Amino acid sequence: MSLEQTTLMTGVGYYFLTIQLITSLIIQSLGYFWTYLFFSQSFAFGLTSGYLPIIGASGYSLWASLFFSLSGSFSIALQRRPSNYMLIWTMTMNILSIFATLIGVFLIAIELMMTADLESPLWQHRSGRMLTEYLFLFTILEMLVASVVTEWTYSARYTED
């Protein structure tokens, strides 16, 4: 298989790359909402409230969305101008995205476990937990898409004509 055949010149490949970029924007938006909620309602998220917003405080969705956007952008650039260097950069960014999603899943799981028993009537706590759950779903989606694109770039790199 050649580089052009393996890097998804079909319509399915463009859907995956579009999903990768849109997921990045959704994760970034959820991060902005979470950060806004955290800082604007900091009295509700005090240390004594029982709710520890790890995702909002760490800024995970803000810095991880940068990796996801870059990996999607490199993947699209690879589609437009296939080259060996672009293939290596695309594979590298998608691998970094996978590591970022693993860190995110770990942080989100810790936050969800810590707040599982929290029965708070405060809307801030409910909204924060809901944003964290959505962030978990989109992080898993990004991990799956980045894994598929990494596998495609790996097969393009190591298959011979």
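Leu96 is found in helix 5, which covers residues 84-114; helices here are DSSP runs of H or I with at least four residues, numbered from the N terminus. The model is predicted, so local features need pLDDT of at least 70 and side-chain atom pairs count only at pLDDT 80 or more, while totals for chains, interfaces and linings use all residues. Residues are numbered from 1 along each chain as its sequence is written, and side-chain values use heavy atoms, with hydrogens and water left out.

- Together, Ile95, Leu96, Phe99 and Leu102 make a nonpolar surface patch of about 340 Å².
- Patches are made of residues with over 30% relative accessible area and no salt bridge, and nonpolar side chains (Val, Leu, Ile, Met, Phe, Trp, Tyr) are joined within 5 Å, like charges within 9 Å.
- A salt bridge is a side-chain nitrogen of Lys or Arg within 4 Å of a carboxyl oxygen of Asp or Glu.
- Asn94 also has its place in helix 5, but Asn94 is buried, with a relative accessible area of 0%.
- Leaving aside residues up to four places away in sequence, Asn94 touches Gln20, Ser71, Ser75, Ala146, Val149 and Thr150 (contact means heavy atoms within 4.5 Å).

**Aromatic pairs**

- A pair of aromatic rings is described by the distance of the centres and the angle of the planes.
- There are three aromatic pairs in the structure; rings of Phe, Tyr and Trp (its six-membered ring) pair if their centres lie within 6.5 Å, and planes under 30 degrees apart count as stacked, over 60 as edge-to-face and the rest as tilted.
- In one of them, the ring centres of Tyr60 and Trp63 are 5.3 Å apart and the planes stand at 90°, so this pair is edge-to-face.
- Tyr60 and Trp63 are three residues apart in helix 4 (residues 60-80), and are therefore separated by about one helical turn.
- Tyr60 is buried at 0% relative accessible area, whereas Trp63 is partly exposed at 33%.
- The rings of Phe74 and Trp89 have centres 6.0 Å apart and planes at 15°, so they form a stacked pair.
- Because Phe74 lies in helix 4 and Trp89 in helix 5, their pair ties together parts that are 15 residues apart in sequence.
- Phe74 is partly exposed at 23% relative accessibility, and Trp89 is partly exposed with a relative accessible area of 48%.
- Ring pairs also link Tyr60, Trp63 and Phe67 into a cluster.

Terms used
Accessible areas come from the Shrake-Rupley method with a 1.4 Å probe; for residues, only the protein chains shown count as cover. Helices (H or I, at least four residues) and strands (E, at least two) are DSSP runs, numbered from the N terminus. Buried means under 20% relative accessible area, exposed over 50%, partly exposed in between (1.4 Å probe, protein chains only).
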